[in-house]
Amino acid sequence: MGDFFTVELLTAVLRTATPLLFAALGGLLSERSGVMNIALEGFMLLGAFTAVAGTYYLHDPFLGLLCGALAAAAGAAIHAVWCISLRADQIVAGIALNLLGAGIPIFLMQRLWEQAGRTPSVEKLPMIASGVSILVPVAFLLVPVVWYLLERTKPGLRIQAAGEHPQAAESVGIRVSGYRYACVIASGVLAGIGGAFLSIGDLSLFTRDMTQGRGFIALAAVIFGNWNPLGTLAATLLFAGAQAFQVQAQAAGVGISADLLLALPYLLTLIAITGLVRHSRPPAGLGRHPTVD
Amino acid sequence: MTIVPAGQLRLSRRRFSALAALAPLAAAMPVGGRIAMAQDSLVCTMVTDTVGLGDQNFNDLANNGGTDAARDFGITWRVVESQDASAYVPNLVAGAEQGDLTVAVGALLTDALAEVAPQFPDDWFLLIDSVVDQPNVQSVTFREQESAFLVGVAAGMFTKTGTIGIVGGMRIPPVIRYEVGFKAGVLAVRPDANFSIAYADSFTDPAKGKELAVAQFNQGADIVLPIAGLTGVGCYEAVKERNRLGEEWVIGADVTQDHLAPGFELCVARKGVDVAVYEGCRQLAEGTFEGGIHDLGLKESGVDFQDPNDRVPEEIKGYVRAYKQMILDGALVVPTTDEEFETFSQNLPPLATPIAAEATPAATPGA
């Protein structure tokens, strides 16, 4: 086991955590402002696909990243309109956006490249070290930024007020809808960047459904992290660590059944949630509107 | 698990009956394209699975075979893409109503074809990679283990580190056949080889495929065989990013994907989906098409060892030819299950005597 816990395992954990962390921080902002967001998966897919399409046509992965973030932000704007202005059921709206996020890339791949399965390969974002994309440190730096924003700034406290007690916030003159719009769209931007990390940070192409549930794992990390940026970071690292350990253990052939190893991240999640989740406290105003109907 | 397919089935039945109700109408129309085309030439319709054309694998191979057949036998070749699983039944029905042979590409269409085929007893169907036991269905399966064995021989001879990686999608029978055939081929020429075997539990997670391949290369593997669909794309991404040209390699499964990581693909275990479709069209054109199960291996040129970029040294190819000959002669039976592999690895056959290129021109790869 001497060469098992290596620097390669550490970089694998960071790589695996990065897309989860981007999406989770986005989901955290949205939920702290009081809007449920199960559409992270769809936003990630939109971001991942559009980042590749943008890079393909604009020949610059940074412009592609921008395109991915904007496309996911547009998807999030739809979620915001439905959930905030039209007061749609937030779960149903999220499901609709997840379906859109899965379907639109397939439709467009068919149109642009006449193949529904995957895009051509494009240029990747630069690496800062072997196997470490430039987006990896960005994701981790965002954790204190989001924490500071929420806990130490005036807009952050207003976001919390909108999420905890929208009627009270509204009654003292806080524009709850405005803060919620901003947070939901920010969740789209962040989840979109998380998706773009998969397609042009880690890999160099988009394949259908390539996020494979990472948006939902990110949402689980938000809940498991008790809607707190540092807790969410810890949850993300736990999930990513279990995943990277599982990969490493399979490749090293440690003599544990592959089925058990594949189940390990989910088992760990179950154990952690049964042990910890009773302490969790969602924002009190989650899913509630500022005025009584 | 049971709720979703049942729902799809109900939906597809409804669609099917709607289509069936329209069928006499369409037939009664005087200038129906169906009638005009039936007079001109035989019509073959290929129905894709949901991945569709451009997968650079199954669907594209089948389309190549059909296009070649159309050119050679003067049949009309058409492709209908299935956007989702609920489109399988209506697409197969449309193919059967408007043509003479409907080609269902991939095991995903098995259930849909089992439903449609009995409704059209006078039409022919060709199913790739799965079996539907109906008199009007020709089911084609492949002995993937035989070509996997040959690329295993090449890998076992070629490896410098003695460690070889396998990245699987899910451990389902075709993948197991690939895995055990490959391992048997490696051990036949290199009994002390180590394997690093990892499964992603998904055929559509290239990021995980990349992580698995990276971990295997870090464990000292210098050759990785992905058997994992789109997950396997990640293995090509891994070898490309590590960029150790000439030191770390991947092996292609089914078809070459060297364009994903140019220069890094050692050789290919070819699966002749195109050959199967071409043959089906030929039989249709010659009036010899019939139902039944066709199991294609090296002997039928259904699978083969392929070195499209000539990267395997000639002396290793000599061994590949020798083992190919042994399989063709029946002197060597490649294992297909874990139990058979266990038996095989305990009584490894003696190292074969290499066969020079001139001796068996038929064995030249890339044929």
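1. With what handedness does α2(A) pass α9(A) in the crossing? The crossing is right-handed. (A crossing is left-handed if the near helix is turned anticlockwise from the far one by less than a right angle, and right-handed if clockwise.) This is a predicted model: local features need pLDDT of at least 70, side-chain atom pairs count only at pLDDT 80 or more, and totals for chains, interfaces and linings use all residues. Residues are numbered from 1 along each chain as its sequence is written, and chains are lettered from A and ligands numbered from 1 in the order in which they are written.

2. Geometry of that pair. Helix α2 (residues 40–58) and helix α9 (residues 214–224) of chain A have axes that come within 7 Å and cross at roughly 135°. That makes α2(A) oblique to α9(A). Axes are lines fitted to C-alpha atoms, for helices over the stretch in contact, and angles run from 0 to 180 degrees between N-to-C directions. Angles under 35 degrees count as roughly parallel, over 145 as roughly antiparallel, 65 to 115 as roughly perpendicular and the rest as oblique. Helices (H or I, at least four residues) and strands (E, at least two) are DSSP runs, numbered from the N terminus.

3. Residues of that pair. α2(A) contributes Leu40(A), Glu41(A) and Met44(A) to the contact. α9(A) supplies Arg214(A), Gly215(A), Phe216(A), Ala218(A) and Leu219(A). (Two residues are in contact if their C-beta atoms, placed from the backbone, lie within 7 Å.) The contact residues divide into five nonpolar, one polar and two charged. Ala, Val, Leu, Ile, Met, Phe, Trp, Tyr, Cys and Pro count as nonpolar, Asp, Glu, Lys and Arg as charged, and the others, Gly among them, as polar.

4. α2(A) has another helix partner, α3 (residues 61–85) of chain A. The axes of α2(A) and α3(A) come within 7 Å and cross at roughly 145°. This crossing is right-handed. From α2(A), the contact residues include Gly42(A), Leu46(A), Ala51(A) and Leu58(A). From α3(A), they include Pro61(A), Gly64(A), Cys67(A) and Ala76(A). The contact of α2(A) with α3(A) has 15 nonpolar, eight polar and no charged residues.

5. The chain A–chain B interface. Here 28 residues of chain A are in contact with 27 residues of chain B. On the chain A side, the elements giving two or more residues are α1 (7–32), α8 (176–202), α10 and α11 (258–276). α10(A) gives the most, with five residues. The chain A side divides into 11 nonpolar, 11 polar and six charged residues.

6. Helix α10 (residues 229–252) of chain A and helix α8 (residues 206–218) of chain B have axes that come within 9 Å and cross at roughly 45°. That makes α10(A) oblique to α8(B). α10(A) passes α8(B) in a right-handed crossing. Val247(A), Gln248(A), Gln250(A) and Ala251(A) meet Glu211(B), Leu212(B), Ala215(B) and Gln216(B).

7. Chain B, domains. Chain B is divided into domain 1 (3–142) and domain 2 (144–270 + 303–363). (Domain bounds come from an automatic or database domain assignment.) Their contact takes four residues from domain 1 and five residues from domain 2. The domain 1 side has two nonpolar, two polar and no charged residues.

8. Chain B, parallel sheet. Six strands form an open sheet in the order β2-β1-β3-β4-β5-β11 (chain B), with parallel pairing. (Two strands pair if DSSP finds at least two bridges between them.) β2 (76–80) and β11 (292–296) of chain B stand at the edges with a single partner strand each, so one side of each is left without a neighbour in the sheet. Neighbouring strands are turned by 20° against each other on average, direction ignored. Five bridges join β1 (residues 43–47) of chain B to β2(B). Thr45(B) has Arg78(B) as its bridge partner in β2(B). Helix α4 (residues 88–98) of chain B lies across β1, β2 and β3 (101–105) of chain B, at about 175° to β1(B).

9. Chain B, mixed sheet. Another open sheet of six strands has the order β7-β6-β8-β9-β10-β12 (chain B), and its pairing is mixed. Its edge strands are β7 (194–199) and β12 (303–306) of chain B. The twist averages 15° from one strand to the next. Strand β6 (residues 163–168) of chain B runs parallel to β7(B), joined by six bridges. Ile166(B) has Ile197(B) as its bridge partner in β7(B). Helix α9 (residues 230–242) of chain B packs on this sheet, touching β6, β8 (223–227) and β9 (249–254) of chain B. The direction of α9(B) makes about 155° with that of β9(B).
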